[in-house]
Amino acid sequence: MQKQGLTVLKALQVGDWRMKLSAIIMGSSQLLHGQVLKGIWFLAVEISFFTWFLMRGIKSLNYLLTLGTHKQGFVFDKKLGINILQQGDNSMLLLLFGIATILVVSIFLYQYWVNLKSARTLLEFDLNHSKVPNLKEDLAKLLDSKLHILLMSIPMIGVLAFTILPLIYMISIAFTNYDHNHLPPKNLFTWVGFENFGNVLSGDVAGTFFPLLGWTLVWAVMATATSFLFGVLLAMLINAKGIKGKKVYRTLFILTMAVPQFITLLIMNNLLNDSGMVNTMLMNWHLISHPIPFLTDGTLAKVTVIVVNMWIGIPATMLVTTGILQNLSQDQVEAAEIDGANKFQIFRDLTFPQILFVMAPSLIQQFIGNINNFNVIYLLTSGGPMNSNYYNAGDTDLLVTWLYKLTIDSADYNLASVIGILIFTLSAIFSLFAYKRVNKMSNLG
């Protein structure tokens, strides 16, 4: 009777002394079964980890709890007879090293679990009286059925080091008082729990957060809707029967996409400012007596950024819509015409629903992108005009540009981290809801 399907815990209970020893000394079961290379690897991992953990890891975890206790300052040197600068703890580095320590411990625990699973497999070979794979067979398996694990190991290390670690670090800052009053290395910062979230949602900063949240949502909806609707309308006009030079029109609009976005926005900024070409020409033609505050009046600046964004967004939507129109079934259109439907009815009830269905995932992506659309706002208005009722923000600032200002201008990293978490939460909730609705539409279709 074959003994298969043992769990690791069950294997530890019913296994022999080699299985139990592997729970204490990693790689022991592999070494005793002749798998020398694998055994040496697990044993080296354990020795290296505990050596490092006893020398540095425990200290890093302890500092993670306090984020430092010794401030930088001047102390009197008796030998020199003067005050000298004494370095203190750097809370920023202590937080980073503490998080890195947790990740290293997690990696070790994973390796420990892999060691136990390998020992469990060897136990099953013993119970089934099967031959234990040698090094050549293990390498062949690694290059065949486990090739994906081998190939993904190096990218995963990169993801941990350059994505997961910074992400956890930035999230952790939201729970500290790391602001302009607690900048390391001169000053220490400490854990404050959810105090920053309370400050943003109901405290002093709430008077800035909620107006900017409202404008961010209005901007995202308007920027997405205008680019989509006018892009569809433009595609319909260009692809209409009887229109000559369709390729020329498409090429002209594609040229707007060929120009880098930041160049277009900076040119628009120069054209529309109070002393720009647009105001200068209108005043020279005596159509206005004073410059129109396209970028310096709060309400008009919001309208301006939406209109300028259309110049950037419409051509992309036009191209996608053109591809959809060229692949739509003409049989349905001809049947609708035979039934007496006019062009508007065909567009409303047949063409537009199919375009919307195909472009729904793209529209969701555009909406999320517009919530985080830093370039258009910052390069066109820099978030201005400044509003004295806001905390370090202007009338056209989105949450993402406000986050940038909190980081660069005022060094309020804790508030910026909170804003980043809230933006991510908002985007994630909308994406999940929207994609769920799209899936329902697909199932109904």
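I looked up Leu-139 and found it partly exposed, with a relative accessible area of 42% (partly exposed lies between buried, under 20%, and exposed, over 50%, with a 1.4 Å probe and protein chains only). This is a predicted model, in which local features need pLDDT of at least 70 and side-chain atom pairs count only at pLDDT 80 or more, while totals for chains, interfaces and linings use all residues. Residues are numbered from 1 along each chain as its sequence is written, and side-chain values use heavy atoms, with hydrogens and water left out.

I placed Leu-139 in helix 6 (helices are DSSP runs of H or I with at least four residues, numbered from the N terminus).

Next I turned to Ser-29, which sits in helix 3 (residues 28-32) and is buried at a relative accessible area of 1%. Apart from neighbours within four places in sequence, I found Ser-29 in contact with Arg-18, Ser-22, Ala-119 and Leu-122 (contact means heavy atoms within 4.5 Å).

Last, I checked Ser-227 in helix 9 (residues 206-238), which counts as buried because its relative accessibility is 3%. Beyond neighbours within four places in sequence, the contacts of Ser-227 include Asn-309 and Thr-317. I also noted that Ser-227 and Ser-22 are 62 Å apart in space, C-alpha to C-alpha, and 205 residues apart in sequence.

Methods
Helices (H or I, at least four residues) and strands (E, at least two) are DSSP runs, numbered from the N terminus.
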